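Hi,

Here's the structure I said I'd pass along.

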There are 2 protein chains.
Amino acid sequence: MTRYVCRVAYDGTAFSGYQVQANGRTVQTAFEQSLKKLHKGVVVESKASGRTDAGVHAKGQMIQFDSELGIALENWPIALNAVLPPDVAVMAVATVPDDFHVRYDTTGKEYRYRILRGRQKDVFRRNYTYQPFPLITDVEAMRAAAGHLLGTHDFTSFCSPRTDVVDKVRTITEVEIVEEADELLLRYRGSGFLYQMVRILTGTLVEVGQGKRPPDSVKDILTAKDRDAAGPTAPGHGLYLWDVFYDTDLFKKGT
Amino acid sequence: MTRYVCRVAYDGTAFSGYQVQANGRTVQTAFEQSLKKLHKGVVVESKASGRTDAGVHAKGQMIQFDSELGIALENWPIALNAVLPPDVAVMAVATVPDDFHVRYDTTGKEYRYRILRGRQKDVFRRNYTYQPFPLITDVEAMRAAAGHLLGTHDFTSFCSPRTDVVDKVRTITEVEIVEEADELLLRYRGSGFLYQMVRILTGTLVEVGQGKRPPDSVKDILTAKDRDAAGPTAPGHGLYLWDVFYDTDLFKKGT
């Protein structure tokens, strides 16, 4: 038995989220069906670094599974991509120790959120960006607000109440806001993120950029420990699980 | 009665092409259904500058219709976009003379074709680019081949036999091949293009770039006046109807 971990990209548009559910197409189901095909009908379970919601995309989701197939490491991406649907792609595969855990061993994650500025309807980016109204006019205010998020805080106010997680203390190490042509790219790095945390952070920062709330209000939101104190949950289709970090570079080491 | 012309963008992914047909969702049907909604259930016919095939996108398709509605010119895009599906967008609307014809009055068109280079499966560009194998290695050869296409020729070899058009003489004024990051952008301008002409031109140029046929062979293909002499028809999902030209700048003039 060998344990493998895959870096996986997916277009979340046609998925009802990552995790297996009774109704709706999910990434996990698509991935495990592909594993089953390669294993001649034998069910192979998989684990991911975390779930993503409906419409949320991934550039670097991490998925692990165990296999006894004699496929050479460099051929695993080819084998998996041949059976995966066109909106899921394995970008890299590494072998890991048998006690590796793709979720518990993470040391951090990066999410990105793409905002489309302007009023014009955009047919090509409708599923890949969020286009808020009123328009964002004050990016500097957003950056000032983002500064208050850095460090270790109780992020209860920025977490959906629909979660079982008790400890809501997390560390955000970086929030970068980059203006790129007609888009605004929000890049979040941290030790970990609570349920819908990046989307609520983004919804709140957008309101700051729209002039609806001052940058300093973010401090009060954190103190409140109340979801209702923060802004709305930005839509899933602007969000990308960009990268997941571990103690070692899994794809450099190989084993 | 006022005649209007719209510049329309659409994501061709979920359409079976432009023109109304018995089965499958089409852009024309979506557009005319939206016109019908605005006209309180009255059917309004529309005409386009030309058809596009299944999967083909548009940045600048032109569609005309007549209406007696008292909507101010600047409010037409808002009214139409409110009732159009999310994958069709009216970018601009102008009024034109009553004898204007969106198809017969064209003086030229620009098509663009996006090619994705590299072997890596790309979930985000799968519906918006064509990723040929073997990889394109000789862009200069493609440019040399493209040079032979310029000017006025009988393009029978580059036209699908499934057409009723008899006169296959067209003028190509520009074929530009631009390397942009991991993509190759092919830009075609001409007096007009035959059925699937841009896709067959592209399929042939790709073969030149792959080293499968020499640049000079394009001259022989033109002379042959035989569809079988040219390369394959490149897939629709890499193609964009980019712009349609008329004697005057319709959207500058207004009327």
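A salt bridge here is a side-chain nitrogen of Lys or Arg within 4 Å of a carboxyl oxygen of Asp or Glu. By that rule, two salt bridges turn up across the interface of chain B and chain A. One of them joins A:Arg126 to B:Asp11, with the closest N and O atoms 3.1 Å apart. Bear in mind that this is a predicted model.

Staying with the interface: eight residue pairs are in polar contact between chain B and chain A, counting pairs with both residues at pLDDT 80 or more. On the chain B side, strands S1 (2–10), S3 (57–67) and S4 (88–96) each supply at least two of the residues that touch chain A. S4(B) has the largest share, four residues. By type, that side of chain B divides into 14 nonpolar, three polar and five charged residues.

As for the extent of the contact, 22 residues come from chain B and 22 from chain A. Together the two chains bury about 1700 Å², and 61% of that is on carbon and sulfur atoms.

I also looked inside chain A, at strand S9 (residues 239–245). S9(A) is mostly covered, with five of its seven residues buried. Which strands does S9(A) pair with? Strand S3 (residues 57–67) of chain A runs parallel to S9(A), over two bridges, while strand S5 (residues 108–116) of chain A pairs with S9(A) in the antiparallel sense over six bridges.

Cheers

Methods: Residues numbered from 1 in each chain as written. Chains lettered and ligands numbered in written order. Predicted model: local features only at pLDDT ≥ 70, side-chain atom pairs only at ≥ 80, totals over all residues. Heavy atoms only, no water. Buried < 20%, exposed > 50% of the residue type's maximum accessible area, 1.4 Å probe, protein only. Pairing = 2+ DSSP bridges. Contact = heavy atoms within 4.5 Å. Buried area = accessible area lost by both parts, 1.4 Å probe. Polar contact = N/O pair within 3.5 Å; in protein donor to acceptor, adjacent residues only side chain to side chain. Nonpolar A, V, L, I, M, F, W, Y, C, P; charged D, E, K, R; others polar.
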